[in-house]
Amino acid sequence: MISRRNFLKNSTMATALTMAGTSAGFSKESAGLSADDSLIGHGEFKYKVDKAWAKISVNSNPLFNCHEMVQDSKGRLIMLGDHTHNNILIFDKSGKLLDNWGTAWPGGHGLSISKEGGEDFLLIVDCGWYQNKSGNWNPQAGQVIKTDINGRIIFAIGHPKTIGIYKDDEKFMPTETAIGPNGDIYVADGYGSDYIIQYNSRGQYIRHFGGRNNTNPDLNLRCAHGVAIDYRNKNNPTLICTSREENCFKVFTLDGKFLHRIDMPGMHVCRPVMDGDNLYAGVCWSNDAAGKMIGGNSGFVTILDASNKVISNPGGNAPVYKNNVLQATLQAPGQMFQHCHDVCIDEDKNIYVCQWNANNTSPIKLTRV
């Protein structure tokens, strides 16, 4: 957990930078701070930060990385991490721990939820990274597991090589899934071979697309880290795929035809998360002013409107458009977050932020004001 002392230290640093940087063009608004320094974000999307939201003990519920979070039909918040003492942690909205289970996924990374026949089901993605007995992280083949809400396994999807669609030298280290309107499962192989693999609701192969070796670069994906179904056009849902190394999302039809891209300069975005007319995403790394990725701690949250225009960057600088083109967005001074890996949006439009490589910290709640 981040201590109150460190939180106050970061807040004080942000305030000091604000006072010291006025002559250099620094402003609270550009840094994602409101007139009240306790709020972050821009426009109508401002938030109060609660880094002590999760009421858990690291002794009884240890964490490595808080990778992803979804909300079930009962309003509970379900988090997936990569500590095999408790891969799944289930919270209420106050941060109280209600349940925990799962000891089999050292690479616990992606989490999606669907409802079938009035019952919630989870798709859990183990990306293949695991910590060996010496404490070092190593890669192996990943898998996708469908479970009920209590962890009973329904089926698993393994290496595509077993059904002949991957070559022997193509890795399978999936990072995310999305469930289509007809129950089809889209698997993003973001740490493996960068394909999007489409299966039916029973886990039977349909097609795959993306990858890295297409003649048309628009069809390629570079770190296909996330995937989501966009229902904003109810008559024509589409598939939004992350191409993190390209700092963009790429939009496809549900049968894999490329439509367009959404450029996110300066932002190494994780999976797109749809909520109403808005697209939210964690930014795992930010670039510096010279356009180079910050190798150390960085990141923030970004929010897009119905036209895919960025309207707020909690923890990042305010979005700037020139001639309708988004300019590179940087992390705001003060470093509110470390490697925002995923966000979950509740019915009150609050955001729960899961962070990767963040010193074993639990999810952060951003209460919308």
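The structure holds two cavities of 30 Å³ or more. A cavity here is a set of points, on a 1 Å grid over the protein atoms alone, where a 1.4 Å probe fits but cannot get out. This is a predicted model, in which local features need pLDDT of at least 70, side-chain atom pairs count only at pLDDT 80 or more, and totals for chains, interfaces and linings use all residues. Residues are numbered from 1 along each chain as its sequence is written, and side-chain values use heavy atoms, with hydrogens and water left out.

**The chain as a whole**

- The chain has one helix and 30 strands. Helices (H or I, at least four residues) and strands (E, at least two) are DSSP runs, numbered from the N terminus.
- Of the 369 residues, 54% count as buried. Buried means under 20% relative accessible area, exposed means over 50%, and partly exposed lies in between (1.4 Å probe, protein chains only).
- Among contacts in the chain with a separation of 6 or more, 48% come from residues 24 or more positions apart. A contact means heavy atoms within 4.5 Å.

**Cavities**

- The largest cavity has a volume of about 50 Å³. For such volumes, grid points are joined across faces, edges and corners, and the volume is the space filled by probe spheres set on the points.
- Its lining consists of S114, E116, L123, K146, I179, G183, I185 and S201. Lining residues have an atom within 4 Å of a point.
- By class, that lining has three nonpolar, three polar and two charged residues. Ala, Val, Leu, Ile, Met, Phe, Trp, Tyr, Cys and Pro count as nonpolar, Asp, Glu, Lys and Arg as charged, and the others, Gly among them, as polar.

**Pockets**

- A pocket is an open set of points with protein on both sides within 12 Å along at least five of seven lines.
- The largest pocket has a volume of about 690 Å³. It is lined by 27 residues, and those closest to its centre are I113, A228, I229, V273 and M274.
- Six strands each supply at least two residues of this lining: β3 (66-71), β7, β13, β17, β22 (273-275) and β28 (340-345).
- The lining of the largest pocket divides into 16 nonpolar, five polar and six charged residues.
- The second largest pocket holds about 380 Å³ of space. Of its 21 lining residues, N65, H67, D82, W137 and W356 are the closest to the centre.
- The lining of the second largest pocket has 10 nonpolar, nine polar and two charged residues.

**Sheet β7-β8-β11-β12**

- These four strands form an open sheet in that order, with antiparallel pairing. Two strands pair if DSSP finds at least two bridges between them.
- The edge strands, each pairing on one side only, are β7 (108-116) and β12 (153-157). From one strand to the next, the twist averages 20°. Axes are lines fitted to C-alpha atoms, for helices over the stretch in contact, and angles run from 0 to 180 degrees between N-to-C directions.
- Strand β11 (residues 143-148) runs antiparallel to β12 and is joined to it by four bridges. The bridge partner of T147 in β12 is I153.
- G118 sits in the loop between β7 and β8 (119-126). G118 counts as exposed because its relative accessibility is 63%.
- G118 and S73 are 45 residues apart in sequence, with their C-alpha atoms 9.1 Å apart in space.

- β13 pairs with strand β14 (residues 185-188) in the antiparallel sense over four bridges. A178 has Y186 as its bridge partner in β14.

- Six of the six residues of strand β18 (residues 238-243) are buried.
- In a regular strand the side chains alternate between the two faces of the sheet.
- Both faces of β18 are covered, with T238, I240 and T242 buried on one side and L239, C241 and S243 on the other.
- Strand β17 (residues 227-230) runs antiparallel to β18, joined by four bridges. Here V227 stands opposite C241.
- Five bridges join β18 to strand β19 (residues 248-252), also antiparallel. C241 stands opposite K250 in β19.
- The hairpin of β18 and β19 has four residues between the strands, and N247 takes a positive phi near 55° there.
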